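Colleague: I'm new to this one. Could you walk me through how you pick your words for it?

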Amino acid sequence: VQQTQGGGGGEGGGSQPPDISDLEMARNRNFYEQESLTREQQQANDETLNKIKELAQRQQNINEELAKLISELQLAKTEEERERLEKELQKLRDEMQSNLQDIDQARQQLSENAMNNQQTRSAQDALQRARHQMNRSLELMDRKDLQQARAAGSRASDALEDVQDQLHQFGREAAAQRMQELQERMREMQERQHEIVDQARKAQGLHQSPSIEGQKELEGLQK
């Protein structure tokens, strides 16, 4: 009988409850890793937003320069003046083409860095509208329909303003939502860790004081 009890005691001695400080450290480490990831995603979103702001400013500059060129072409009286203005117009075409490349990069970055695909879908649509209007403006420039080209450029600027407004809102909402979800997961993890510790301590006590009822309860905990 003494040997049986000794064996039970040895088994109980080998079953130590998990250290709550270790569980707490693991929980905190997971929390800070997730929090860091959320901040990195927010930073990436902000970088994309800044690039779109720069793109919108360049597009606005093109619109203003084009409006000025339209007036100067109407007043040009010599071939030399018209040739100079044509060179200026070609420069605007090149800048618009560069903007098209930048808007494609912005769309790609937004897809990769999006904190919430559903929330940023409207921003992607607005970027597509801006691209369409930029491309339309280029086509109209080539046709010498500068008034309509300017109007298309203005619509591109409006679409880029929409993108900025949406990213400002989406960035804040998505970050807040992620932090709320993260805190909820950490709370659930903490509760589960305490349950594990309580079960382990209870199991240890049953090992150290075996009985028929205790053995049944221990089997239930192990299940």
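This is a predicted model: local features need pLDDT of at least 70, side-chain atom pairs count only at pLDDT 80 or more; totals for chains, interfaces and linings use all residues.

Colleague: Why does Gln59 count as buried?

Modeller: Buried means under 20% relative accessible area. Gln59 has 0% relative accessibility, so it counts as buried. One of its contacts, Met134, is among the buried residues of helix 4.

Colleague: And what makes Lys144 partly exposed?

Modeller: The label covers what falls between under 20%, which is buried, and over 50%, which is exposed. Lys144 has a relative accessible area of 49%, so it is partly exposed.

Colleague: Where does Lys144 lie?

Modeller: In the loop between helix 4 (121-142) and helix 5 (146-208). Just after helix 4, Lys144 takes a positive phi of about 70°.

Colleague: What makes the Lys144 and Glu86 side chains a polar contact?

Modeller: A pair of N or O atoms has to be within 3.5 Å, with one able to donate a hydrogen and the other to accept it. The contact joining these two side chains is 3.0 Å. Lys144 also touches Leu89 and Arg93. The C-alpha atoms of Lys144 and Leu89 are separated by 9.9 Å, though the two residues are 55 apart along the chain.

Colleague: How do you know what span to expect for helix 4?

Modeller: Take 1.5 Å times one less than its number of residues. Helix 4 has 22 residues, with 32 Å expected, and it reaches 32 Å from its first C-alpha to its last.

Methods:
Residues are numbered from 1 along each chain as its sequence is written. Side-chain values use heavy atoms; hydrogens and water are left out. Buried means under 20% relative accessible area, exposed over 50%, partly exposed in between (1.4 Å probe, protein chains only). Contact means heavy atoms within 4.5 Å. Helices (H or I, at least four residues) and strands (E, at least two) are DSSP runs, numbered from the N terminus. Lists of a residue's contacts leave out its neighbours within four places in sequence.
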